[in-house]
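Visitor: I am new to this structure and would like a close look at a single part. Please take the salt bridges.

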Amino acid sequence: MLREEIAREAIKHALKALRKRHLVEEGAHAPAYIALSKPLVSQGSEWKEKAENLELELQQCYKAQSRMSEQLVVEVAESRASKATLQEKEVAIVDAQEKLNQTRDECSQLKADLEEKIKALELVVSENIEIRAQLEQLSIKAKNAEAENKMLIDRWMLEKMKDAERLNELNALYEDSIGRLRATSLEKLARQQVDGVVRQSEEGAEYFVESFVPSTCKNKIHAHEGGCASILFEYNSGQLITGGQDRSIKIWDTITGSLSRTLYGCLGSVLDLTMTHDNKSVIAASSSNNLYVWDVNSGRVRHTLTGHTDKVCAVDVSKISSRHVVSAAYDRTIKLWDLQKGYCVNTIIFHSNCNALCFSTDGQTLCSGHVDGNLRLWNVQTGKLLTEVAAHSQAITSISLSRNGNIVLTSGRDNMHNLFDIRSLEVCNTLRATGNRVASNWSRSCLSPDDNHVAAGSADGSVYIWSISKADIVSTLKEHTTPVLCCSWSGLGKPLASADKNGYVCTWT
């Protein structure tokens with residue numbers, strides 16, 4: 001609208017200018033009328049010149065008028081475009097106004113929601129303050145309970161130490177009695193009594209004999225392909241059970257060196273073996289993450305115990321019941337199994353992998369040796385850690401329990417063999433040798449049946465035998481050509497068996 005008005009004013013101004021020009025031209029032509037009265041001959045050339053000038057000026061006026069018309073058309077077109085743009089802007093302003101109103105409504109709604117949230121936050125803060133006050137009260141109670149618990153533990157440990165001292169005195173009396181009575185016919189009677197418990201009630205006690213220090217290789221058997229990682233004797237028998245990387249379990253007659261039976265069904269390398277005390281079932285720990293239980297008489301797999309998520313490296317069966325089995329795997333768990341039910345009944349989770357384990361004689365305590373070098377004792381029923389001790393500077397590879405259950409032998413990658421009193425976890429003796437080097441994380445050493453000697457294999461292919469009382473080497477057996485992985489002593493006192501990395505088994509007498 002503004003541009004149209006400006007264009008109209010410009011046109012009016014141009015018309016006024018033309019009128020003024022016309023008047024000026026009339027004034028300019030006035031002398032021409034006067035000249036008409038003069039003679040035509042004298043003024044002809046002057047008129048001609050003026051006529052030409054006027055014609056030129058008229059042409060210029062026409063041109064100026066044409067330019068003004070063109071400018072007027074352009075101005076009108078621009079005015080129309082401006083009018084359309086103005087209409088669009090007005091529509092946009094209306095839309096913006098609607099959006100503004102909508103935004104204002106949303107803002108008011110958000111303000112209302114914010115007020116509700118602030119009220120809820122204030123409520124949560126007040127509840128948090130109350131919970132913190134309750135937490136402080138519970139923390140104080142927990143600290144008091146912890147102090148009381150520590151005091152009770154100290155008292156309990158004091159009583160245990162007193163019990164251990166009394167047991168040590170009784171053991172000393174017993175050993176003294178045995179020493180005095182061995183030369184007499186009352187030796188049998190002396191063996192029947194240990195701390196007031198009649199040994200005749202123990203299964204297999206009548207087979208107990210004094211162990212012999214072996215010196216000669218009686219049999220050398222190529223038992224398995226790819227290595228033999230675990231061997232053990234049947235209870236009170238000369239039958240030897242071996243397990244190897246070829247996934248088989250074999251039972252051997254150590255007198256003749258002949259194979260008696262082979263058990264199949266294991267889907268991985270055999271890393272450890274144990275047997276129930278009735279000699280009816282063999283249990284194998286496998287690299288296939290499972291345990292396998294065979295019935296010896298039928299040779300069939302009774303159970304496949306699944307639950308571990310990594311290779312199972314250790315297994316043992318309770319010494320008072322053929323029902324409960326414990327296993328350890330590289331998934332940082334220790335599992336307790338019920339063979340009658342055929343599944344896991346308890347799981348212990350710990351940060352350090354367990355390489356070896358065994359039950360105590362009463363079946364209530366579990367001894368475990370770990371990669372961090374610690375020996376730990378657990379309550380079998382609750383799975384609670386009872387106590388622990390730093391047994392080795394490197395990983396423990398083997399755990400063996402003495403016949404009376406008071407001494408536990410541990411071997412480690414630090415090439416040391418320690419004897420602990422299981423009641424106090426104090427080191428009774430430490431055995432080592434210059435050439436003895438533990439071959440693997442699952443190298444198994446063993447105690448003799450009379451608890452007087454320790455046998456352990458070495459990476460140089462030798463088997464070292466120590467006297468516990470002398471704490472010194474009494475024999476070094478050399479027949480293997482590769483690292484010896486495990487040793488086992490017959491409960492009859494002889495023979496001693498050893499197995500190496502190539503799968504050869506030697507029996508020593």
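Visitor: Which residue forms a salt bridge with Asp338, and how far apart are the closest N and O atoms?

Guide: The model is a predicted one. In it, the salt-bridge partner of Asp338 is Arg323, and their closest N and O atoms are 2.8 Å apart. Asp338 has a relative accessible area of 3%, so it is buried. Arg323 counts as partly exposed because its relative accessibility is 28%.

A second pair is Glu388 with Arg376, where the closest N and O atoms are 2.9 Å apart. Here too distant parts of the chain are linked: Glu388 sits in strand β19 (residues 385-390) and Arg376 in strand β18 (residues 374-379), twelve residues apart. In this pair Arg376 is the buried residue, at 2% relative accessibility, whereas Glu388 is partly exposed at 36%.

Another salt bridge joins Asp421 to Arg423, with 2.9 Å between the closest N and O atoms. Asp421 counts as buried, with 8% relative accessibility, and Arg423 as partly exposed, with a relative accessible area of 23%. Through shared partners, salt bridges also join Asp372, Arg376 and Glu388 into one network. The count of salt bridges comes to six.

Terms used: Residues are numbered from 1 along each chain as its sequence is written. This is a predicted model: local features need pLDDT of at least 70, side-chain atom pairs count only at pLDDT 80 or more; totals for chains, interfaces and linings use all residues. Side-chain values use heavy atoms; hydrogens and water are left out. A salt bridge is a side-chain nitrogen of Lys or Arg within 4 Å of a carboxyl oxygen of Asp or Glu. Buried means under 20% relative accessible area, exposed over 50%, partly exposed in between (1.4 Å probe, protein chains only). Helices (H or I, at least four residues) and strands (E, at least two) are DSSP runs, numbered from the N terminus.
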